[in-house]
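Hi,

Here is the structure I promised to pass on. Have a look at it first, and then read my notes below.

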Amino acid sequence: MKPFSHINLSPAMGENLKRIGYELMTPIQEGTIPPILKGKDVLAQAKTGSGKTAAFGIGLLERMNPDRYRVQALILCPTRELAEQVSGEIRRLAAYRHNIKVLTLTGGMPLRKQEHSLSHQAHIVVGTPGRIHKLLTRGTLVLDEVGTLVLDEADRMLDMGFIDIIREIIAYAPEKRQTLCFSATFPEDIKELSREIMDSPREITVDSQHAPGVIRQAFFQIDSRDRGRAVVNLIREYRPESTVVFCNTKDACRRVQEELVTYGLHALALHGDMEQKERNETLILFSNGSSPILVATDVAARGLDIGDLAAVINYNLPFETETYVHRIGRTGRAGKTGLAFSLVKPDEQFRLDKINELTGESFSAGPLDCTVPEDFTGLSPAMVTLSVNGGRKNKISAGDILGALTRKGGLTADDVGKIDRLEFITFVAVRSETADRALKILSRDRIKGKQLRARRHD
Ligand code: ADP
Ligand code: MG
């Protein structure tokens, strides 16, 4: 991997990348940033977690004219969470230019407020197809000056049936534009769409296979009613720092989460029926270590940057064999060894056969003890999340929170984990044993001259 200094970026962008800790380009970045900077259309394929956002983010920021307050880039994402994540990453990448405005426009948020924000103009719009289309037909979003159009997680958007709406959105954009398409897979419909909307694109594919041995896979033959306890036992034995338990349905998701909690494990569910606010909070608690287990459906977890998982457990084997490869690909990243456990009901043996066929392996489902020892009282998470009712819009910075917590007699910097700042609320993870003290400090001390309310999220 080469350093960013290897390509021709503006010095300010170079400095900012250093500041946020990006030294080396990931392979997809190395392959796509140079053609993007030249204004070429790019069709790129790389697995989740390979740094696709920064690949197009750096490219489009470098080509932007900040003095022109018009939408110059439109990024389409399949879901609200992904749009939020992309906006967050773009804001980080644009931090060296204070005047770049990034707007997130997704469903589930008040239309009027979004239209009001749009009337103040933005340089970059990140959104989901449904909402973007609505704003276009109402005439409140104008794409006349869009120079770059990005389809992020294009395969997922097509899976969700957005093809026609995407075509309609593109018709609002200038014909002379740069189009970038990022996808985890390259099915035929993506290729077809790209022929239609792109101009002789550069195709860049980064191998999606893991180095062998990085993921330890095991399969267990389990009767349907024992599966919850099987999950408990696997977590009890291996104690992974972070685990996603995949279920095929929302119902299973809820049931498994409840069962894990009754055994004293801290687990949260993530599925499509949850309110946006609840989903955001769940992801924050999971990614900062306050809830080491997430029980999720594929739809809810697809594409999310939930980092280096220590373990993936398949409560059900997925219907599609490719989904199995996607699920386990979330562990064993960055040179670490990941665990991938799958529970196989007797009537699911054919799915295991298909997995073996696709991956060229010959796994068989072995036995697993499903009796949870009586003296097992659960595991408590390393971190606890606190929040204060002030965020980006209240000019509260991560430094303000860290400063307040580590002032004389307070916590040490090591006690404080990830800080997530939203518009009007900030979440901070602290080591569990310091949580009471931290809560007292945050409820007592003024931050930026304001008395904020603090609470604990357990
Ligand atoms: P993808 O869209 O391919 O799934 P993301 O863009 O979400 O991947 O990036 C995954 C993670 O890698 C993010 O946390 C991001 O901040 C980080 N990242 C991206 N590029 C770099 C880099 N060059 N060096 C270090 N970390 C990076
Ligand atoms: Mg992505």
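**Around the ligand**

A nitrogen atom of ligand 1 sits 2.8 Å from a polar backbone atom of leucine 24. I call that a polar contact, meaning a pair of N or O atoms within 3.5 Å; within protein, one of them must be able to donate a hydrogen and the other to accept it, and residues adjacent in sequence count only if both atoms are side-chain atoms. Before going on, the ground rules: this is a predicted model, where local features need pLDDT of at least 70 and side-chain atom pairs count only at pLDDT 80 or more, while totals for chains, interfaces and linings use all residues. Residues are numbered from 1 along each chain as its sequence is written, chains are lettered from A and ligands numbered from 1 in the order in which they are written, and side-chain values use heavy atoms, with hydrogens and water left out.

An oxygen atom of ligand 1 is 3.0 Å from a polar backbone atom of lysine 52, and an oxygen atom of the ligand is 3.1 Å from a polar backbone atom of serine 50. Taken alone, ligand 1 exposes 570 Å², and the protein buries 78% of that (areas by the Shrake-Rupley method with a 1.4 Å probe; for residues, only the protein chains shown count as cover). Helix H3 (52–62) and helix H4 (80–93) are the elements that give two or more residues to the shell around ligand 1. Helices here are DSSP runs of H or I with at least four residues, strands are runs of E with at least two, and both are numbered from the N terminus.

How many residues surround ligand 1? There are 14, and the closest are Tyr22, Leu24, Gln29, Gly49 and Thr53; a residue is near the ligand if one of its heavy atoms lies within 4 Å of it. By class, the shell has three nonpolar, six polar and five charged residues (Ala, Val, Leu, Ile, Met, Phe, Trp, Tyr, Cys and Pro count as nonpolar, Asp, Glu, Lys and Arg as charged, and the others, Gly among them, as polar).

Ten of its eleven residues are buried, so H3 is largely enclosed by the rest of the structure. Buried means under 20% relative accessible area, exposed over 50%, and partly exposed in between (1.4 Å probe, protein chains only). Lys52 is one of the buried residues of H3, which also include Phe56, Leu60 and Glu62.

Five of the five residues of strand S11 (residues 293–297) are buried, so S11 is largely enclosed by the rest of the structure. In a regular strand the side chains alternate between the two faces of the sheet. Here both faces are covered, with Ile293, Val295 and Thr297 buried on one side and Leu294 and Ala296 on the other.

S11 pairs in the parallel sense with strand S9 (residues 243–247) over five bridges; two strands pair if DSSP finds at least two bridges between them. In that pairing, valine 245 stands opposite valine 295. Strand S10 (residues 267–270) also pairs with S11 in the parallel sense, over four bridges, and leucine 268 stands opposite leucine 294. S10, helix H12 (residues 276–287) and S11 make a right-handed β-α-β unit, which is to say that, with the strands pointing away from the viewer, the path from the first strand over the helix to the second runs clockwise.

**Strand S16**

Five of the six residues of strand S16 (residues 426–431) are buried. S16 runs antiparallel to strand S14 (residues 383–388), joined by six bridges, and antiparallel to strand S15 (residues 416–421), joined by four. Valine 430 of S16 is the bridge partner of valine 384, and valine 416 stands opposite valine 430 too. S15 and S16 form a hairpin with four residues between them.

**A few single residues**

Aspartate 155, in helix H7 (residues 154–159), is buried at a relative accessible area of 3%. A polar atom of its side chain lies 3.5 Å from the backbone nitrogen of alanine 184.

Which residues other than glycine have a positive phi? Glutamine 121 is one, with phi near 70°, in the loop between helix H5 (111–119) and strand S4 (124–127); glutamine 121 is partly exposed at 25%. Serine 200 is another, with phi near 25°, in the loop between helix H9 (188–197) and strand S7 (202–205); serine 200 is exposed at 59%.

Cheers
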